[in-house]
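The sequence and the model are shown first.

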Amino acid sequence: MSAKSVQGPGGKKPASAATNLIAGGGAGMMEALACHPLDTIKVRMQLSRRARAPGAPKRGFLKTGSEIIKRETPLGLYKGLGAVLTGIVPKMAIRFTSYEWYKQLLADKDGMVSGQSTFLAGLSAGVTEAVAVVTPMEVIKIRLQAQHHSMADPSISQRGFGALYRGVSLTALRQGSNQAVNFTAYSEFRDRLQKYQNTTDLPSWQTMFIGLVSGAMGPLSNAPIDTIKTRLQKTPAEPGQTAIQRIVNISKDMWKQEGSRSFYKGITPRIMRVAPGQAVTFTVYEYLKGVLEKGREMLPGGTYEE
(Lines give C-alpha, C1' and ligand atoms only; values in the text may rest on other atoms or scores of the structure.)
Protein backbone atom coordinates (compact mmCIF):
# COMPACT_ATOMS: atom_id res chain seq x y z
CA MET A 1 0.00 0.00 0.00
CA SER A 2 1.30 3.43 -0.92
CA ALA A 3 1.91 6.20 1.60
CA LYS A 4 -0.53 9.10 1.64
CA SER A 5 -0.21 12.71 2.75
CA VAL A 6 -2.06 14.00 5.81
CA GLN A 7 -2.75 17.20 3.89
CA GLY A 8 -6.09 17.80 2.21
CA PRO A 9 -6.63 17.87 -1.58
CA GLY A 10 -4.20 20.13 -3.39
CA GLY A 11 -1.91 20.37 -0.36
CA LYS A 12 -4.47 22.29 1.71
CA LYS A 13 -4.71 22.05 5.49
CA PRO A 14 -6.54 18.94 6.78
CA ALA A 15 -10.21 19.33 7.68
CA SER A 16 -10.75 21.19 10.95
CA ALA A 17 -12.33 19.68 14.06
CA ALA A 18 -15.46 21.78 13.41
CA THR A 19 -15.72 20.30 9.91
CA ASN A 20 -15.36 16.76 11.25
CA LEU A 21 -17.99 17.46 13.92
CA ILE A 22 -20.63 18.83 11.55
CA ALA A 23 -19.91 16.61 8.53
CA GLY A 24 -19.50 13.47 10.63
CA GLY A 25 -22.62 14.16 12.68
CA GLY A 26 -24.74 14.83 9.59
CA ALA A 27 -23.43 11.72 7.86
CA GLY A 28 -24.08 9.56 10.91
CA MET A 29 -27.63 10.84 11.30
CA MET A 30 -28.46 10.03 7.67
CA GLU A 31 -26.92 6.59 8.06
CA ALA A 32 -28.92 5.81 11.21
CA LEU A 33 -32.25 6.91 9.73
CA ALA A 34 -31.70 4.87 6.58
CA CYS A 35 -30.29 1.66 8.05
CA HIS A 36 -31.58 1.25 11.64
CA PRO A 37 -34.35 -1.29 10.76
CA LEU A 38 -31.71 -3.72 9.47
CA ASP A 39 -29.78 -3.34 12.73
CA THR A 40 -32.91 -4.23 14.74
CA ILE A 41 -33.41 -7.36 12.61
CA LYS A 42 -29.73 -8.28 13.09
CA VAL A 43 -30.00 -7.98 16.89
CA ARG A 44 -33.18 -10.10 17.02
CA MET A 45 -31.51 -12.79 14.91
CA GLN A 46 -28.42 -12.83 17.13
CA LEU A 47 -30.57 -13.14 20.28
CA SER A 48 -32.75 -15.90 18.77
CA ARG A 49 -32.58 -19.29 20.49
CA ARG A 50 -34.57 -21.19 17.83
CA ALA A 51 -31.50 -23.13 16.77
CA ARG A 52 -31.57 -24.90 20.15
CA ALA A 53 -34.88 -26.59 19.43
CA PRO A 54 -34.45 -29.73 17.26
CA GLY A 55 -36.31 -29.40 13.98
CA ALA A 56 -37.07 -25.71 14.47
CA PRO A 57 -37.49 -23.92 11.13
CA LYS A 58 -34.78 -21.49 10.12
CA ARG A 59 -35.75 -17.84 10.26
CA GLY A 60 -33.95 -15.49 7.90
CA PHE A 61 -33.75 -11.72 8.03
CA LEU A 62 -36.83 -11.23 5.83
CA LYS A 63 -38.92 -13.53 8.04
CA THR A 64 -37.58 -11.86 11.19
CA GLY A 65 -38.38 -8.42 9.83
CA SER A 66 -41.91 -9.37 8.76
CA GLU A 67 -42.62 -10.88 12.21
CA ILE A 68 -41.47 -7.67 13.93
CA ILE A 69 -43.78 -5.61 11.70
CA LYS A 70 -46.69 -8.01 12.22
CA ARG A 71 -46.42 -8.17 16.02
CA GLU A 72 -45.10 -4.71 16.84
CA THR A 73 -46.04 -2.51 13.84
CA PRO A 74 -43.36 -0.98 11.55
CA LEU A 75 -42.27 1.27 14.43
CA GLY A 76 -40.85 -1.86 16.08
CA LEU A 77 -38.04 -1.77 13.52
CA TYR A 78 -36.97 1.59 14.94
CA LYS A 79 -36.67 0.50 18.58
CA GLY A 80 -33.52 1.96 20.08
CA LEU A 81 -33.26 4.65 17.40
CA GLY A 82 -33.39 7.41 20.01
CA ALA A 83 -30.27 6.04 21.70
CA VAL A 84 -28.51 5.81 18.34
CA LEU A 85 -29.41 9.35 17.27
CA THR A 86 -28.37 10.70 20.68
CA GLY A 87 -24.95 9.14 20.34
CA ILE A 88 -24.39 9.38 16.59
CA VAL A 89 -23.13 12.99 16.49
CA PRO A 90 -20.42 12.57 19.16
CA LYS A 91 -19.62 9.09 17.79
CA MET A 92 -18.95 10.31 14.27
CA ALA A 93 -17.25 13.46 15.52
CA ILE A 94 -14.90 11.34 17.64
CA ARG A 95 -14.37 8.82 14.82
CA PHE A 96 -13.31 11.28 12.13
CA THR A 97 -11.57 13.79 14.39
CA SER A 98 -9.55 11.17 16.28
CA TYR A 99 -8.74 9.31 13.04
CA GLU A 100 -7.26 12.46 11.52
CA TRP A 101 -5.42 13.21 14.78
CA TYR A 102 -3.94 9.70 14.99
CA LYS A 103 -2.94 9.90 11.31
CA GLN A 104 -1.03 13.13 11.91
CA LEU A 105 0.56 11.59 15.00
CA LEU A 106 1.73 8.55 13.01
CA ALA A 107 2.87 10.50 9.93
CA ASP A 108 6.58 10.57 9.10
CA LYS A 109 8.69 13.74 8.99
CA ASP A 110 7.50 14.46 5.44
CA GLY A 111 3.84 14.28 6.47
CA MET A 112 3.24 10.93 4.73
CA VAL A 113 1.14 8.14 6.26
CA SER A 114 1.87 4.50 5.39
CA GLY A 115 -0.76 1.79 5.00
CA GLN A 116 0.22 0.34 8.38
CA SER A 117 -0.16 3.74 10.04
CA THR A 118 -3.58 4.18 8.42
CA PHE A 119 -4.59 0.80 9.85
CA LEU A 120 -3.35 1.78 13.33
CA ALA A 121 -5.08 5.17 13.12
CA GLY A 122 -8.37 3.47 12.21
CA LEU A 123 -7.89 0.90 15.00
CA SER A 124 -7.22 3.65 17.56
CA ALA A 125 -10.18 5.73 16.36
CA GLY A 126 -12.48 2.71 16.67
CA VAL A 127 -11.32 1.96 20.22
CA THR A 128 -11.66 5.64 21.17
CA GLU A 129 -15.27 5.88 19.93
CA ALA A 130 -16.13 2.53 21.57
CA VAL A 131 -15.06 3.66 25.02
CA ALA A 132 -16.39 7.21 24.74
CA VAL A 133 -19.79 6.66 23.11
CA VAL A 134 -20.58 3.34 21.42
CA THR A 135 -20.66 0.95 24.40
CA PRO A 136 -23.27 2.76 26.56
CA MET A 137 -25.28 3.66 23.45
CA GLU A 138 -25.39 0.03 22.27
CA VAL A 139 -26.29 -1.41 25.68
CA ILE A 140 -29.41 0.81 25.75
CA LYS A 141 -30.17 0.15 22.07
CA ILE A 142 -29.88 -3.66 22.36
CA ARG A 143 -32.05 -3.77 25.50
CA LEU A 144 -34.74 -1.77 23.67
CA GLN A 145 -34.46 -3.78 20.45
CA ALA A 146 -34.72 -7.06 22.35
CA GLN A 147 -38.07 -6.09 23.86
CA HIS A 148 -41.14 -7.37 22.09
CA HIS A 149 -43.69 -5.04 23.67
CA SER A 150 -42.71 -2.10 25.88
CA MET A 151 -40.61 0.69 24.41
CA ALA A 152 -39.17 1.49 27.86
CA ASP A 153 -36.45 -0.43 29.70
CA PRO A 154 -36.34 0.09 33.48
CA SER A 155 -33.50 -2.41 33.89
CA ILE A 156 -30.81 0.14 32.97
CA SER A 157 -31.67 2.53 35.77
CA GLN A 158 -32.10 -0.36 38.22
CA ARG A 159 -28.65 -1.81 37.52
CA GLY A 160 -26.74 1.47 37.69
CA PHE A 161 -24.20 3.29 35.55
CA GLY A 162 -21.83 0.32 35.40
CA ALA A 163 -24.37 -1.64 33.36
CA LEU A 164 -23.90 0.85 30.50
CA TYR A 165 -20.31 -0.39 30.05
CA ARG A 166 -21.09 -4.09 29.88
CA GLY A 167 -19.12 -5.60 27.02
CA VAL A 168 -16.80 -2.61 26.61
CA SER A 169 -13.76 -4.81 25.80
CA LEU A 170 -15.58 -6.67 23.02
CA THR A 171 -17.12 -3.44 21.71
CA ALA A 172 -13.68 -1.82 21.60
CA LEU A 173 -12.29 -4.88 19.80
CA ARG A 174 -15.15 -4.86 17.30
CA GLN A 175 -15.08 -1.09 16.65
CA GLY A 176 -11.29 -1.04 16.48
CA SER A 177 -11.08 -3.87 13.93
CA ASN A 178 -14.04 -2.41 12.00
CA GLN A 179 -12.52 1.03 11.60
CA ALA A 180 -9.02 -0.30 10.98
CA VAL A 181 -10.26 -2.36 8.02
CA ASN A 182 -12.80 0.28 6.96
CA PHE A 183 -10.47 3.30 6.83
CA THR A 184 -7.57 1.31 5.35
CA ALA A 185 -9.70 -0.15 2.54
CA TYR A 186 -11.49 3.14 1.85
CA SER A 187 -8.25 5.15 1.79
CA GLU A 188 -6.57 2.65 -0.51
CA PHE A 189 -9.51 2.43 -2.94
CA ARG A 190 -9.89 6.21 -3.02
CA ASP A 191 -6.15 6.75 -3.56
CA ARG A 192 -6.09 4.29 -6.48
CA LEU A 193 -9.14 5.86 -8.11
CA GLN A 194 -7.75 9.36 -7.72
CA LYS A 195 -4.45 8.36 -9.31
CA TYR A 196 -6.17 6.42 -12.11
CA GLN A 197 -8.47 9.32 -12.95
CA ASN A 198 -5.86 12.01 -12.19
CA THR A 199 -8.23 13.95 -9.91
CA THR A 200 -8.72 14.61 -6.21
CA ASP A 201 -12.50 15.03 -6.49
CA LEU A 202 -14.30 11.72 -6.96
CA PRO A 203 -17.97 11.71 -8.03
CA SER A 204 -20.46 10.76 -5.31
CA TRP A 205 -21.33 7.42 -6.89
CA GLN A 206 -17.69 6.32 -6.71
CA THR A 207 -17.39 7.44 -3.09
CA MET A 208 -20.58 5.50 -2.32
CA PHE A 209 -19.30 2.37 -4.07
CA ILE A 210 -15.92 2.25 -2.31
CA GLY A 211 -17.66 3.04 0.99
CA LEU A 212 -20.00 0.08 0.37
CA VAL A 213 -17.15 -2.33 -0.37
CA SER A 214 -14.91 -1.18 2.50
CA GLY A 215 -17.90 -1.20 4.86
CA ALA A 216 -18.60 -4.88 4.12
CA MET A 217 -15.05 -5.97 5.02
CA GLY A 218 -15.28 -5.20 8.76
CA PRO A 219 -18.35 -7.38 9.54
CA LEU A 220 -16.86 -10.32 7.64
CA SER A 221 -13.68 -10.10 9.73
CA ASN A 222 -15.26 -9.87 13.19
CA ALA A 223 -18.78 -11.38 13.11
CA PRO A 224 -18.19 -13.75 16.10
CA ILE A 225 -17.06 -10.80 18.25
CA ASP A 226 -20.25 -8.88 17.46
CA THR A 227 -22.54 -11.85 18.20
CA ILE A 228 -20.88 -12.64 21.55
CA LYS A 229 -20.95 -8.93 22.45
CA THR A 230 -24.69 -8.74 21.74
CA ARG A 231 -25.41 -11.76 23.97
CA LEU A 232 -23.15 -10.36 26.70
CA GLN A 233 -24.84 -6.95 26.73
CA LYS A 234 -28.34 -8.47 26.82
CA THR A 235 -27.69 -11.05 29.57
CA PRO A 236 -27.65 -9.93 33.24
CA ALA A 237 -24.30 -10.40 34.99
CA GLU A 238 -23.89 -13.25 37.50
CA PRO A 239 -22.54 -12.21 40.93
CA GLY A 240 -18.80 -12.86 41.28
CA GLN A 241 -18.31 -13.59 37.58
CA THR A 242 -15.63 -11.67 35.68
CA ALA A 243 -16.13 -10.29 32.17
CA ILE A 244 -13.69 -12.84 30.73
CA GLN A 245 -15.52 -15.70 32.44
CA ARG A 246 -18.83 -14.48 31.04
CA ILE A 247 -17.40 -14.20 27.52
CA VAL A 248 -15.95 -17.73 27.74
CA ASN A 249 -19.21 -19.16 29.16
CA ILE A 250 -21.36 -17.49 26.49
CA SER A 251 -19.01 -18.76 23.76
CA LYS A 252 -19.06 -22.32 25.15
CA ASP A 253 -22.84 -22.25 25.49
CA MET A 254 -23.27 -21.04 21.90
CA TRP A 255 -20.87 -23.68 20.55
CA LYS A 256 -22.41 -26.52 22.56
CA GLN A 257 -26.10 -25.74 22.10
CA GLU A 258 -26.25 -23.94 18.75
CA GLY A 259 -23.10 -24.94 16.85
CA SER A 260 -20.43 -22.93 15.08
CA ARG A 261 -22.95 -21.20 12.79
CA SER A 262 -24.43 -19.38 15.78
CA PHE A 263 -21.34 -17.14 15.86
CA TYR A 264 -22.37 -15.81 12.45
CA LYS A 265 -26.03 -15.23 13.28
CA GLY A 266 -27.22 -12.00 11.78
CA ILE A 267 -24.21 -11.67 9.46
CA THR A 268 -26.41 -11.06 6.41
CA PRO A 269 -28.43 -8.17 7.89
CA ARG A 270 -25.26 -6.88 9.58
CA ILE A 271 -23.48 -6.58 6.23
CA MET A 272 -26.67 -5.16 4.72
CA ARG A 273 -26.74 -2.67 7.61
CA VAL A 274 -23.05 -1.76 7.87
CA ALA A 275 -22.03 -1.71 4.19
CA PRO A 276 -24.80 0.66 2.98
CA GLY A 277 -24.33 2.60 6.20
CA GLN A 278 -20.67 3.21 5.39
CA ALA A 279 -21.60 4.09 1.81
CA VAL A 280 -24.00 6.75 3.12
CA THR A 281 -21.57 7.92 5.80
CA PHE A 282 -18.57 8.45 3.52
CA THR A 283 -20.64 10.00 0.72
CA VAL A 284 -22.44 12.48 2.99
CA TYR A 285 -19.26 13.16 4.98
CA GLU A 286 -17.15 13.91 1.89
CA TYR A 287 -19.90 16.12 0.47
CA LEU A 288 -20.45 18.13 3.68
CA LYS A 289 -16.72 18.38 4.30
CA GLY A 290 -16.22 19.85 0.83
CA VAL A 291 -19.02 22.38 1.34
CA LEU A 292 -17.76 23.38 4.80
CA GLU A 293 -14.13 23.67 3.72
CA LYS A 294 -15.12 25.95 0.83
CA GLY A 295 -17.07 28.07 3.29
CA ARG A 296 -14.06 28.23 5.61
CA GLU A 297 -11.83 29.44 2.78
CA MET A 298 -14.26 32.30 2.15
CA LEU A 299 -14.12 33.56 5.75
CA PRO A 300 -11.46 36.11 6.78
CA GLY A 301 -8.48 34.25 8.25
CA GLY A 302 -9.78 30.89 7.00
CA THR A 303 -11.40 29.92 10.29
CA TYR A 304 -14.94 29.38 11.48
CA GLU A 305 -16.53 32.11 13.52
CA GLU A 306 -17.35 31.03 17.05
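Predicted model: local features only at pLDDT ≥ 70, side-chain atom pairs only at ≥ 80, totals over all residues.

Helices (H or I, at least four residues) and strands (E, at least two) are DSSP runs, numbered from the N terminus.

Residues are numbered from 1 along each chain as its sequence is written, and side-chain values use heavy atoms, with hydrogens and water left out.

**Overall architecture and confidence**

Nine helices and two strands are present in the chain. Read from the N terminus, their order is β-α-α-α-β-α-α-α-α-α-α. The average pLDDT (the predictor's confidence in each residue, from 0 to 100) is 81 for the chain, and 84% of the residues score at least 70. Among the elements, the lowest mean pLDDT, 56, belongs to helix α5 (residues 155-159), and the highest, 90, to helix α6 (residues 168-197). Of the 306 residues in the chain, 50% are buried; buried means under 20% relative accessible area, exposed over 50%, and partly exposed in between (1.4 Å probe, protein chains only).

Trp101, Leu105, Leu106, Phe119, Leu120, Leu123, Val127 and Val131 form a nonpolar surface patch of about 680 Å². Patches are made of residues with over 30% relative accessible area and no salt bridge, nonpolar side chains (Val, Leu, Ile, Met, Phe, Trp, Tyr) being joined within 5 Å and like charges within 9 Å. A salt bridge is a side-chain nitrogen of Lys or Arg within 4 Å of a carboxyl oxygen of Asp or Glu. Accessible areas come from the Shrake-Rupley method with a 1.4 Å probe; for residues, only the protein chains shown count as cover. Both α3 (81-106) and α4 (115-146) supply at least two residues of the patch, and α4 gives the largest share, five residues.

**Selected residues**

| Residue | Relative accessibility | Class |
|---|---|---|
| Phenylalanine 119 | 36% | partly exposed |
| Isoleucine 247 | 14% | buried |
| Lysine 234 | 32% | partly exposed |

Isoleucine 247 belongs to helix α8 (residues 243-258). Its C-alpha atom is separated by 9.1 Å from that of arginine 231, 16 residues apart along the chain. Lysine 234 is placed in helix α7 (residues 204-234); 9.8 Å separates its C-alpha atom from that of leucine 144, 90 residues apart along the chain.
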